[in-house]
Amino acid sequence: MDAGAVQTLHNLLVQTTSNDTNQVKAATAQLNQQFYKEPACISALAQILASSPEIPVRQLAAVEMRKRVAQHSGNLWTQLPQNEREQIKTKLPELIVAEPNNLVRHSSARVIAAIASIEIPAGTWAALLPFLHQTCTSPQVIHREVGVYILFTVLENIVEGFQEHTQTFYTLFEQLLADPESIEVRITTVRALGVLAQYIDSDNKVELKSFQNLLPAMIHVIGQSVEAGNETGARQLFDVLETLLILEVPILGKHIPQLAAFLLQCGGNNAFENELRVLALNALNWTVQYKKSKIQSHNLAPAILEGLMPITTEDEPEDIDDDAPSRSALRIIDGLATNLPPTQVFPALRTLIMQYFSSPNPTFRRGAMLALGVSVEGCSEYMTPLMGDVWPVIEAGLNDGDATVRKATCVAVSCLCEWLEEECVSKHAVLIPSIMNLINDPATQRSACTALDALLEISHDVIDQYLQLIMDRLAGLLTTAPLSVKAVVTGAIGSAAHASKERFLPYFQPTMDHIKNFLLLTGEGEEIELRGITMDAVGTFAEAVGKDVFRPFFPDMMQQAFQGIEMGSARLRECSFLFFGVMARVFGEEFAPYLSNVVPPLLASCKQDEGEEGLSVAVSEASAFASGSSPSNAISVSDDSNADQSVELEDIDLDKMMDVNSAIAVEKEIAADTIGTLFAATRVHFLPFVEQCTLELTDLLPHYYEGIRKSATDSLLEIVRTFYDLSDHQEWQPGKNVSVPVSSTVKELIDHVVKPLLEMYETEDNKSVVSSLCVGFAETINKIGPAFVDGYLDTICNIAIQILEQKAFCQQDPDQDEDDEAPEDQAEYDSVLISSAGDLVSALAAALGADFLPAFGTFFPLIAKYYKKSRSLSDRSAAIGCLAEIIAGMKNAVTPTTEPLLELFYRALSDTDSEVLSNAAFATGLLVENSEMDLSPQYLHLLAALRPLFAVTPDAPAAKLNAKDNATGAVARMITRNVAAIPLDQVLPVFVGALPLTNDYLENRPVFRAIFHLFKTNGAALYPFLDQLLPIFAHVLDPSGPDQVQDEVRAELIELIAAVNKEEPAKVQAAGLGIFLPGA
């Protein structure tokens, strides 16, 4: 390119730095059309980079030169004459070393990286590495800064070409990490090591050790950048640390205790800037998430909690979206509680909470209460027996003299209500009046309404005594309160409707009059939020009052929901989609006329792009340090080197982009979920949309956000079940071979859905998604039977085996050796996954019946290992419950394993927890009923083991009443199987005294079968109990009560009453059973 053209190019670059938009557009168009398509522009840009006196022009020349080199996989660069390429390769490194401006140096270094990515793999730039080594070891600090930065940018592009040099790099980097003059050299060295780490093979022990030897120095550099207040450097280094944390190679394993202590020290140091402290604490949070096995094996939780508690006492920002050390500390406490066994977390935390709550300093009491609240999710089961100590603290907090403590206590109550329903409802007499008082205080009004909302959601049985008081008070606030409070008040009224059902009817019309104007709000922020919450509440009202009462409002409310979709707000679209789902459930097939207007926006939501133009949004958990919360953290923005791309990463508002993506991701999650709801509700009317919806939902299965994958999984399986329901099918028969085939269209749909779900499982790293998949598979297998697993049986069995062995992808821990057993003490969330796998195994047993026997040999020891005294309540209960369901599915094929099962059930019948006892009684009864082995020699032992379960009072907790009902069912099965082995004179008083069943009505089937059997074979034994039995018969047949017996039992019971009437007509009439007699 001649000198005149180079000067024209220079002038155009100058023009693009102008403030005049029109000039910039004109210059950009000319550059793209006249210069940037020609190879010669690369040499011209190199000349401008070397000679222009203007820094912005040199900077722009470097940026454009990098793009042209990288354009079309390096085509423009390789079209340059060889001598020009060699000249650039020789001169450019020297030029960068001499460049006085840091930004220009960095952009120029990226040009070298772009060239190297083409030349190094081709073996045509042998001089580069020696030059970089020489520059990095130069006595001049500026040379070392430039050299290591170029090396970093080159490694970012092409590590593969340098793998034979890695040991040389480690030696060099060890020296640079201790650079005596420049923090920049040290920071860039850590960044370069972060790139190398991504290419270490876990089998390469030498390289792994070399890297690990540098970790203490790397951590030291992070500390230096924080101490120096170098926020940019610190952010870059915490990004490196995050990369090391999420790698599958166990690089950090041995250093986790030191790393956790270092991050805690940084996060807790008030002398550092808050932004840097938050970065350190978010890094600690991800250490807990990704290195939990090391945190657990070193028992680090108590020390971490001790360091976090002082941080929780610091000020919280007013804006809920602003981060602060106190919020980060609470997030880590939540992470510890949900990722670790509660035995390692809650005892230490409980001591700290009690200590802090007794402080005269209100900030300490507030911190204690918030820490309690965030710990509930992960420790709820462990906390339950300890709640006697917790409630006095809650009561004191609700009445604390400091408003911030009272608000924090409301937050804790909300958390308790979500995870400990029964416990909270049992304290309604204390909680509801206290919270109502706080609603009267403007300082605590909003927090108190949120707590009331959570409490009302679960107060079905006790709401009557408070409903009028609550509605009078909340209705007043709908008029007088500020918008932010009106939103939580509206939510609380929705929960009151949910709890009170038809009893909400007197308040329905007045409330609708109050809130209808909220649905006309259009302003950003609080107005949109209030409109959305109102939409949710109206849906709840409809479910409470029923379709007949709500019908006059239905068309108008649907119209409001459609308007919400058009307003450009992801939040309102989400609320509209939820509303559609609720309306479909309430109105069923009456909703069908709206489908043609409802389904397209749902599909449009599923399809929408979450990126912005010019950006590539990639799957990566690596940007999580931005906020430390989900789903916004699961995106990273990458420059895709597109030739026409004009936006640089430095110009992107990442926080704003993440907010947008987070809102859209949640909207997609709701849209995906709603699709399944609509099909289940509108049935045949939805058939025209099934194919398109299935395709869209399948496309969402690889999505980066786990909420979307979970919703798509649930809806796809709901579609399969509903489609099967609508097909012409017969009742399936158990067996490995499909004896009752499904229609070809159902089979085709099953194949379309199951294959991508199984593919998703292989790489699914989120336990809640896998748990949903197992539960969804189980529900679908129970409905469709063997035809659903036809062709997939081994794969689906292997999913359950992997989870029970704790070797599924989502359970893998790179820091744990393959041969190591997973620790028995696990987080409560891990127990949920194990329980879900148990549901799947139970469903497979039901579908295969006797053909499940070979598989049972594999599954029995895997399930039985979860019944140990050292295991959590959830694990023990799930193991026995799962085995009970397997027996129900296998029937008499269980006979060969009768003895080991019975031995296990005996142990479970001596458990300390009622939930386990209930399952053990149920399982024992099923074993007696189904095994062909004569268990009558065991009857006296079994009766003795079951006897304590009958000793309950009517006001006992639900779990104890359940256990009593299941014990009654077990005794009934024993009677039916071999009445001769039962000492009836001792058993019948207890057996009849346990009736009627109060909780588990399914056990009425074996109970009445036993009663019918006794009347037929040994009526004299039952005659003394006739006066007790007749009122029980009246109770279970009462048409005004819940349905307690199935049609088959009801018919036989009515026949029995007729037979008794022939002998004792007066007693039958006195018991109110005359209405069931023939001819009555």
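Hi everyone. A residue is called buried when its relative accessible area is under 20%, exposed when that area is over 50%, and partly exposed in between. Please keep in mind that this is a predicted model.

Who is its partner? Glu764 forms a salt bridge with Arg709, and the closest N and O atoms are 2.6 Å apart. This pair links distant parts of the chain: Arg709 is in helix α35, while Glu764 is in the loop between α36 and α37, 55 residues apart. Arg709 is buried too, because its relative accessible area is 8%.

Now let's move to helices α48 and α50. Glu1052 in helix α50 and Lys1016 in helix α48 are 36 residues apart, and they form a salt bridge with the closest N and O atoms 3.2 Å apart. Is each of these residues buried or exposed, or something in between? Glu1052 is partly exposed, at 28%, whereas Lys1016 is exposed, at 66%.

Another pair links these helices: Glu1048 in α50 and Arg1005 in α48. Here the closest N and O atoms of the salt bridge are 4.0 Å apart. Glu1048 is exposed at 52%, and Arg1005 is partly exposed at 36%.

How many salt bridges are there by this rule? The count comes to 45. Some join up: Arg85, Glu86, Lys89 and Glu119 are linked in a network.

Last stop, the surface. Glu318, Asp319, Asp321 and Asp322 form a negative patch. Glu318 is in the loop between α16 and α17, and it counts as exposed because its relative accessibility is 83%.

Key. Residues numbered from 1 in each chain as written. Predicted model: local features only at pLDDT ≥ 70, side-chain atom pairs only at ≥ 80, totals over all residues. Heavy atoms only, no water. Patch = residues over 30% accessible without salt bridge, like charges linked within 9 Å, V, L, I, M, F, W, Y side chains within 5 Å. Areas by Shrake-Rupley, 256 points an atom, 1.4 Å probe, with all protein chains shown as cover. Salt bridge = Lys/Arg side-chain N within 4 Å of Asp/Glu carboxyl O. Lys, Arg positive; Asp, Glu negative; His and termini not counted. Charge placed at Lys NZ, Arg CZ, Asp CG, Glu CD. Helix = DSSP H or I, 4+ residues; strand = E, 2+ residues; numbered from the N terminus. Buried < 20%, exposed > 50% of the residue type's maximum accessible area, 1.4 Å probe, protein only.
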